[in-house]
Amino acid sequence: MQLKYAGRFMTAYACLILTISGCTSQVPQNDADVIVAGAGIAGLSAALEASAAGTSVLLVDINSVGGGHAVMAGGLALVGTPLQESRGIHDTPEIAYRDLMRWGEDSDPGWVRFYTENSLAQVYDWLTDMGVVFRTVIPTPDASVPRFHFTGGTAVNVVVPMMREVLKRQNIVFLRNSEVQALIADQGRISGIRIKNTRTGEMRLLRAPAVILATGGFQNNLAMVRDNWRAGLPQPERLLTGAGQFANGDGIALARSAGAALSRMDHQVSFVNGVPDPRDGTGRSALVAGNPAAIWVNASGQRFINESAPGKEVDGAVLSRQPGTHWLIFDSKGQRRLMIRDAPGFTREAIRQKILDTPGITQTARSIPGLATATGLPPRSLQETVDRYNELVARHHDTDFNRFEPGDGTSPVSISVPPYYAIRLFPLTRKSMGGVLIDRAGRVLDGNRQPVPGLFAAGELTGVAGINGSYGGSGTFLGPSVLTGRVAGKTAADSVSGHSPVTRDRETASRTDDVMSPKQLEALLWQNRPGYWHFKVTHALVLERETDCSRCHNRDWPTHAAVTPLEQSAQLASCTECH
């Protein structure tokens, strides 16, 4: 699919390209052999792979921590692993290939084949060698056998061992709070980047003969999402953001400024079960809501789908309707089963206070007609819908939408005990399945499908190489991001002739300050401090939980920013406090 997004940002980025003249007698000194822009799971993989070849690597990220959105994500789709074998699961690259091609419908066959044949050695074995422990593998609708591997929590348990390995390696330097504003070109070859420190505003040029872009997707950029909305699919009137904070499409703009071609930009994953995040005063961002004890009703107060159907079916059914919104209906029994994703630290009490007891998000009433009045739904229709559903539950056979049937092992519950609840759900952006066009070696390609010299890309920035096709699968973003990162890292390292030393900025251990009082910390969080997004989010949670500072900070990592590798390594131990 050709690019639809010409984007007002493209021109601005193109104007920022810095061309180094080739007529000077002195050749600029390189700061490293390889620069990796983006420290998410793809960027970490690229940096580790390039450094393993002996090259020096500068890893830069706009955030004050690494990991990207992977710390919030789930598991990885992996094929033929020892964990599967230990569970008696027979899986092969051929089985996985057929599954991915069937589910994605228009997936790139070459990349799918490459991933299914290499996920065991190049992803599973590589990660477990770093200390990642996969503990369970679960079935999913997109796979004919269980293939979705989890570490026992979110993928933060994958990212943290990778970050530890980055900090161990002397030929990798990690620069945080570094926003890439432009690519540097020298005689037709990408030769570095221009960065801005998001806290100090300092501008800096970094030079290297190979640059890898791994900055993530564009799903936090609503204008870009809408500009590339799939033809024939109605655009929702209200669309919330549900992607990573920094998934703004900046890497796409950078690549385009260097002549890169884009592919499948209208291939996007949008969820349909979003609720406005109560912590976001703009009403722009979403949390993902789910409740197995609820039914979904449309604006007419009627059920319209099997609520337990695969996301591919559910999301398509909702997005194709007008208006593109619906309601989650449940009772006092069901409120205990309400689940909220993307909200680290949300306890049951927090869900009660911030979701169920917030009128702008949840409506409640002692009767179904009263609930209909509160939501603006037709009272008679909603009552008939709930009565019909309760009748089907009593017979344990959903003859309307096949959600459950006799002997299927499910335990559906009626909606019959007041108070009753209704949550309005909205579509939200999630993942990019299109982006910068790359070849099988991770090289960025131009409009003529020729490599852009010195430029490589990996991960969601590339739409994970078209592996998902039109429908994202379970674990088929993180796994392919690791593989495409490794591919780009190896190719970039191989393209470098000779090695340049990488020098760390002078590292001074932080001193231990007195711990702030809650009032002092709250006052600090109210200040508008550029570059402190992660600090603000995590410490707002500290205040909410009344967490003791010693849960994260210790002798190795005092209450100042983590500066030295020792402090940064100690900081990693705190990641699971939130994620």
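1. R98 is partly exposed, with a relative accessible area of 48%. In this predicted model, R98 forms a salt bridge with E94, and their closest N and O atoms are 4.0 Å apart. E94 is also partly exposed, at 36% relative accessible area. Both residues belong to helix α4 and are four residues apart, about one turn of the helix.

2. D99 and R102 are three residues apart in the helix, so about one helical turn separates them. R102 is partly exposed, with a value of 45%; partly exposed covers the range between the buried cut-off and the exposed one, which is over 50%.

3. The pair D99 and R102 belongs to a network. Salt bridges that share partners join D91, D99, R102 and R147 into one network. The count of salt bridges comes to 23. Another one of them links the side chains of R303 and E307, at 2.9 Å from N to O. Here both R303 and E307 are buried.

4. Helix α4 also packs against another helix. Two packed helices are described by the angle between their axes and the distance between the axes. For helix α4 (residues 93–104) and helix α5 (residues 109–129), the axes come within 9 Å and cross at roughly 140°. The crossing of α4 past α5 is right-handed.

5. Which residues make the contact between α4 and α5? On the α4 side they are P93, E94, A96, Y97, L100 and M101. On the α5 side they are P109, V112, R113, T116 and E117. Sorted by type, the residues of this contact are seven nonpolar, one polar and three charged.

6. Turning to strands, what is the order of the open sheet of three strands? The order is β4-β6-β5, and the pairing is antiparallel. The edge strands are β4 (76–77) and β5 (136–138), each of which pairs on one side only. Strand β6, residues 148–150, pairs with β5 in the antiparallel sense over three bridges. Within this pairing, the bridge partner of T136 in β6 is F150.

7. I190 lies in strand β9, which spans residues 189–197. Is I190 buried or exposed? I190 counts as buried because its relative accessibility is 5%, against a cut-off of under 20%.

8. The surroundings of I190 can be listed residue by residue. Leaving out residues up to four places away in sequence, I190 touches L183, I184, A185, A208, P209, V211, A258, V452, P453, G454 and L455. K333 gives a point of reference elsewhere in the chain: I190 and K333 are 143 residues apart in sequence and 60 Å apart in space, C-alpha to C-alpha.

Note on methods
Residues numbered from 1 in each chain as written. Predicted model: local features only at pLDDT ≥ 70, side-chain atom pairs only at ≥ 80, totals over all residues. Heavy atoms only, no water. Pairing = 2+ DSSP bridges. Helix = DSSP H or I, 4+ residues; strand = E, 2+ residues; numbered from the N terminus. Axes fitted to C-alpha atoms, helices over the stretch in contact; angles between N-to-C directions. Left-handed = near helix turned anticlockwise from the far one by under 90°. Contact = heavy atoms within 4.5 Å. Nonpolar A, V, L, I, M, F, W, Y, C, P; charged D, E, K, R; others polar. Buried < 20%, exposed > 50% of the residue type's maximum accessible area, 1.4 Å probe, protein only.
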